[in-house]
Amino acid sequence: MGDLRNRITELVRAYHREQAPGGFVPGTTHVPVSGAVLSEEDRLALVETALEMRIAAGPASRGFERQFARYLGLRKAHLTNSGSSANLLALGALTSPQLEERRLRPGDEVVTVAAGFPTTVNPIFHNGLVPVFVDVELGTYNTTPERIERAIGPRTRAIMIAHALGNPFEAEEVARLADERELFLIEDNCDAVGSRYRGRLTGSFGDLSTVSFYPAHHIAMGEGGCVLTDNLALARIVESLRDWGRDCWCEPGEDNRCLKRFDQKMGDLPPGYDHKYIFSHVGYNLKSTDLQAALGLSQLTRIEEFTEARRANWRHLRAALDGLPGLLLPHATPGSDPSWFGFLITVDPDAAYSRAALVDHLESRRISTRRLFGGNLVRHPAYTDRRYRVSGSLENSDLITDQTFWIGVFPGITPEMIAYVGDTIREFVLKHS
């Protein structure tokens, strides 16, 4: 059996080397905005887990949770099947009856930003809560503590905000504001793993934080996400909601870790009802698998490499485009060191060319672009009949909807690609200015 496994390993490594991409050809080779950067070790990790038929959550999942929590300096991490599920669990945990008077109830408000991705906002609606939308700053594309403070009303109970495309919001100040006003803070860290604010990793400031491991993100599991917290009570609620809502905390396939499996009385159930089938929350099955976690463990060893590549690509592009007329270029939030998810560009409405024309030019040269997700989310049909509140003007979010797009800086983009992207934008802008 050992010899056969060794042969399989050798074949997997040989197969991976055969898949190496060819050289970059400007205008022919696609320059994507994002994607997983997968190594020989990543492929081998998947195959080895598959050979062991570890098709459910198991030792790799638990190992990843421990290592990822340690990376962020937090006590608990719970893997999920997506970053969207992580957001749903994080906010859902704050509605748990186990939080007693602190629990969020239908009609309570959650401050969030208008310019972003729907899965930061959708859990607010799904839990019967009311989002309070605030605007963002151009350049950083994050909101500010001042905007958040002005948005707080008598029914505001929480803040749930994403770090915009890897650029941290002022997390220390927002966390302090949340503490002073007795609000929960959820950091959507899905686009910002490895980013730092005032020397501290993002995802470590909130009561809860969330991460996505979709291939577009900083490390990849294919599909996957994570909820992290330093609060053991919140961690236990997240685990229950993720695992069907059950009260039991045994691992799958494990029985009676608490030694009281048939010795409890809960709800209106008869005494001694099997604790494995007592449900304390209205939950889901949102677990991941060991196949995903094995890939995540392999990817986690390269997180610093990935982060530095993103920063280097962003710096080179920023230098190449500096001073071009009609372009508002991004900048890091003061006090931060972002692990950039992408490079945001806003075309001045008074520029001699349009955003659409620039985007068309890039796409025609095989350079992919994306919008800043939904732009101003309140303008989308999904939210037409939903209850929400707007604090102040959303003029920057509206401008972003019309004038902003981004291009990739992920580690799969080579220096040659970055140079080509910069040259392509410069040529267009100078020709049309």
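The model is predicted, so local features need pLDDT of at least 70 and side-chain atom pairs count only at pLDDT 80 or more, while totals for chains, interfaces and linings use all residues. Residues are numbered from 1 along each chain as its sequence is written, and side-chain values use heavy atoms, with hydrogens and water left out.

**Cavities**

- A cavity is a set of points, on a 1 Å grid over the protein atoms alone, where a 1.4 Å probe fits but cannot get out; lining residues have an atom within 4 Å of a point.
- Grid points are joined across faces, edges and corners, and a volume is the space filled by probe spheres set on the points.
- Two cavities of 30 Å³ or more are counted.
- The largest cavity has a volume of about 60 Å³; 13 residues line it, and Gly35, Ala36, Val37, His217 and His218 are the closest to its centre.
- Eight nonpolar, four polar and one charged residues make up the lining of the largest cavity; here Ala, Val, Leu, Ile, Met, Phe, Trp, Tyr, Cys and Pro count as nonpolar, Asp, Glu, Lys and Arg as charged, and the others, Gly among them, as polar.
- The second largest cavity holds about 40 Å³, and its lining has seven nonpolar, four polar and no charged residues.

**Pockets**

- A pocket is an open set of points with protein on both sides within 12 Å along at least five of seven lines.
- The largest pocket has a volume of about 590 Å³; of its 39 lining residues, Phe117, Thr119, Asp191, His217 and Phe373 are the closest to the centre.
- Two or more residues of that lining come from each of α4 (83–93), β2 (109–113), α5 (118–126) and β4 (156–162), where helices (H or I, at least four residues) and strands (E, at least two) are DSSP runs numbered from the N terminus.
- The lining of the largest pocket divides into 19 nonpolar, 15 polar and five charged residues.
- The second largest pocket has about 470 Å³ of space and 26 lining residues, with Glu65, Lys76, His78, Glu239 and Glu251 nearest its centre.
- α3 (59–72), β1 (76–80) and α8 each give two or more residues to the lining of the second largest pocket, which comprises nine nonpolar, four polar and 13 charged residues.

**Tyr273**

- Tyr273 lies in the loop between α8 (232–242) and α9 (290–300).
- At 35% relative accessibility, Tyr273 is partly exposed, a class between buried (under 20% relative accessible area) and exposed (over 50%), with a 1.4 Å probe and protein chains only.
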